[in-house]
Amino acid sequence: MKKWISHIKQFIKDHLHEIFHHDHVFVVVLAWVIAGFWAILFVNFTIFDPVSRALSEFKMTDIYFTIQRMGNSVKWSNDIVLIDITEQTARGDIAHTLEQLAACEPKTVMMDIIYEKEGDDMIGNGELIMAIDQLPQPILSCKLIASSEEQGKFVNVLKSFFEPFGDYTWAYSNVLKSNGPNGTLRDYTICQKVDSTTYYSLAYLAACKYMDKEPTAEKNNKRAILYSNVEFPIVKYDEIMENKALIKGKLAMVGTITEEADMHFTPVGKMPGMKTVAYAAETYIDHHEISSMSSLVSWILTIFVCLIAAYAGYLTRKHSPRFFIYWNKLVYLVISVVFAWIGFICFVKHDYDISLLLPLLGVAFIERARIHYMWFIDYCTIHPQWKRLYAFASKSLYFKPPKK
């Protein structure tokens, strides 16, 4: 190790002028000018809409989740179990399922279903209410209704018909998607206000009840959902008593698993709503909060990575002028993989999200920018009458004195 460090120090000392040469800065700046040009095209021309949407939907965390799920690395949750009542419609039958669930002694029960209308089954309604009363720390789903005049402001709450019949704990099931209702579900919120009343989300309140933690409006209201390699045991309504040991002491979530109307797009594919709630709750239980890199640090990292790529590309051109076009692709790939791996380790091990989209995007345009910059240097070289530009070009690493 000491020998390698010594070689690196000597290399930096011998090539200090090349490493910190202004050429690399100009190449990086030009790369971002080119990237900005394409960004303007994507935003302003409808022909690029599919590409623009794809880029806006992409996040490095999507790759991290995919890596975590590769191979046989899946592990089962020790905290959450899902109770599937997709095939049950009669409220009396659901009440019987809840009675069996209560007998299994889960620590907390969350119901991801709303009974908006009372209906005609009065007996079933009564049985359902009595069954809910038997559940330990039940958390019931509601939906926040937004104002049509002012988006983002909630003005009302839709709850189940039996709200007046007891002192129930309600939590909202509203989801937070990127790019509209058909976007990807990546985040959840802690709480929302309706007038002066604070309502908590299903995932957050369920996690708090399970952890014996008092819910509160936390500083960072928007949280990332980790779709990691954790899977949740799914118990069907007619298999509850057989899985008593699996359910006891756990956070049991009751809802639908295969209902198409409740499916959401996530970074790891289409997923039922209750399962996304489970991932959000699991995220809070095991990780609490994911820290993200600030915009300033992200730009500093972008400049640093791009400068490394610019210098590395220069070295391949210098030492392999005939085959640099192939070596450059390999060098840029290695740089991208190394930084992506560092980002993955920070995310998985330390709950820290390094913003790598901009640095890797910059690396992708470095070689194109270098070609334009070298053309500019050559153009200035053949016009010595432009004294200032010629003097600038003569100090470049790419300067080739004109033949006499």
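Author: Buried means under 20% relative accessible area, exposed means over 50%, and partly exposed lies in between (1.4 Å probe, protein chains only). The model is predicted: local features need pLDDT of at least 70, side-chain atom pairs count only at pLDDT 80 or more, and totals for chains, interfaces and linings use all residues. Residues are numbered from 1 along each chain as its sequence is written, and side-chain values use heavy atoms, with hydrogens and water left out.

Reader: Why is aspartate 212 called exposed?

Author: Its relative accessible area is 60%. The cut-off for exposed is over 50%. So aspartate 212 counts as exposed. Its phi is positive, about 55 degrees, although aspartate 212 is not a glycine. Aspartate 212 sits in the loop between helix H8 (202–210) and strand S11 (222–224). Helices (H or I, at least four residues) and strands (E, at least two) are DSSP runs, numbered from the N terminus.

Reader: Why is glutamine 137 called partly exposed?

Author: Glutamine 137 has a relative accessible area of 34%.

Reader: What makes tyrosine 168 and tryptophan 170 an edge-to-face pair?

Author: Rings of Phe, Tyr and Trp (its six-membered ring) pair if their centres lie within 6.5 Å; planes under 30 degrees apart are stacked, over 60 edge-to-face, and the rest tilted. By this rule the count is 23 aromatic pairs. For tyrosine 168 and tryptophan 170, the centres are 6.1 Å apart and the planes are at 75 degrees. Both values pass, so the pair is edge-to-face. Tyrosine 168 and tryptophan 170 are both buried.

Reader: Which residues do ring pairs link into a cluster?

Author: The cluster holds Tyr64, Phe65, Tyr227, Phe232, Tyr279, Trp341, Phe344 and Phe347.

Reader: How do you know that the charged end of lysine 107 sits over the ring of tyrosine 210?

Author: The rule asks for NZ of Lys or CZ of Arg within 6 Å of the ring centre and within 35 degrees of the ring normal. The charged end of lysine 107 is 5.5 Å from the centre of the tyrosine 210 ring.

Reader: Why is valine 338 called partly exposed?

Author: Its relative accessible area is 41%. That falls between 20% and 50%, so valine 338 is partly exposed. Valine 338 lies in helix H12 (residues 324–350).
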